[in-house]
Amino acid sequence: MDEQALKTIKARLEEERASVERQLHEHGAEVDGGGIEVGFDGGFADSGHRTAETAEVLALVEQLAAHRREVVDALDRIEAGTFGTCERCGNQIPDERLEARPTAALCVACKQATGG
């Protein structure tokens, strides 16, 4: 992958991280270092309906947090110089895959082999 394409992907990942962190914040979650903390006001879980809402918010926060981890891991791989190398077999991940899915850590063959 050429340097300009890598810069473009890095910028895209940084924008995605910021977007995910904004969404987490909107749902009452705060990014604290590497972790995510969720806070609800005291009366939030007073009824069955609010308990269900809490479960929905927590499920969404978990999905957002997992996506944030993928994005941060991809940015870490860029900084380490390992971006684009399959973490399983060590082969080069095709540029087309990385452009379509910049968080990809596995080549297509390894991803399929792991059931993904």
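Leaving out residues up to four places away in sequence, R77 touches T82, F83, E87, P102, T103, A104 and A105, where contact means heavy atoms within 4.5 Å. The structure is a predicted model, in which local features need pLDDT of at least 70 and side-chain atom pairs count only at pLDDT 80 or more, while totals for chains, interfaces and linings use all residues. Residues are numbered from 1 along each chain as its sequence is written, and side-chain values use heavy atoms, with hydrogens and water left out.

R77 is placed in helix α2; helices here are DSSP runs (H or I, at least four residues), numbered from the N terminus. With a relative accessible area of 8%, R77 is buried, the classes being buried for under 20% relative accessible area, exposed for over 50% and partly exposed in between (1.4 Å probe, protein chains only).

Helix α2, which spans residues 48-80, also holds H67. The relative accessibility of H67 is 25%, so H67 counts as partly exposed. Beyond its neighbours within four places in sequence, H67 is in contact with E16 and V20. H67 and R17 are 50 residues apart along the chain, yet 8.6 Å separates their C-alpha atoms.

We turn next to the nonpolar cores. A nonpolar core is a set of buried Ala, Val, Leu, Ile, Met, Phe, Trp, Tyr and Cys residues joined through side-chain atoms within 4.5 Å. In the largest nonpolar core, of 14 residues, the members that touch the most others are L13, F83, C86 and L98. Two or more residues of this core come from each of α1 (3-26) and α2, and α2 gives the most, with 4 residues. Not counting residues up to four places away in sequence, L13 touches V71, A74, L75, I78, P102 and T103. Another core lies apart from this one and has 6 residues, including A29, V57, V61 and L64. In soluble globular proteins, nonpolar side chains tend to be buried together.

What about the cysteines? The structure holds 0 disulfides, a disulfide being a pair of cysteine sulfur atoms within 2.5 Å. C89 is partly exposed, with a relative accessible area of 37%. The sulfur of C107 has its closest cysteine sulfur in C110, and the 3.6 Å between them is likewise too far for a bond. C107, at 9% relative accessibility, counts as buried.
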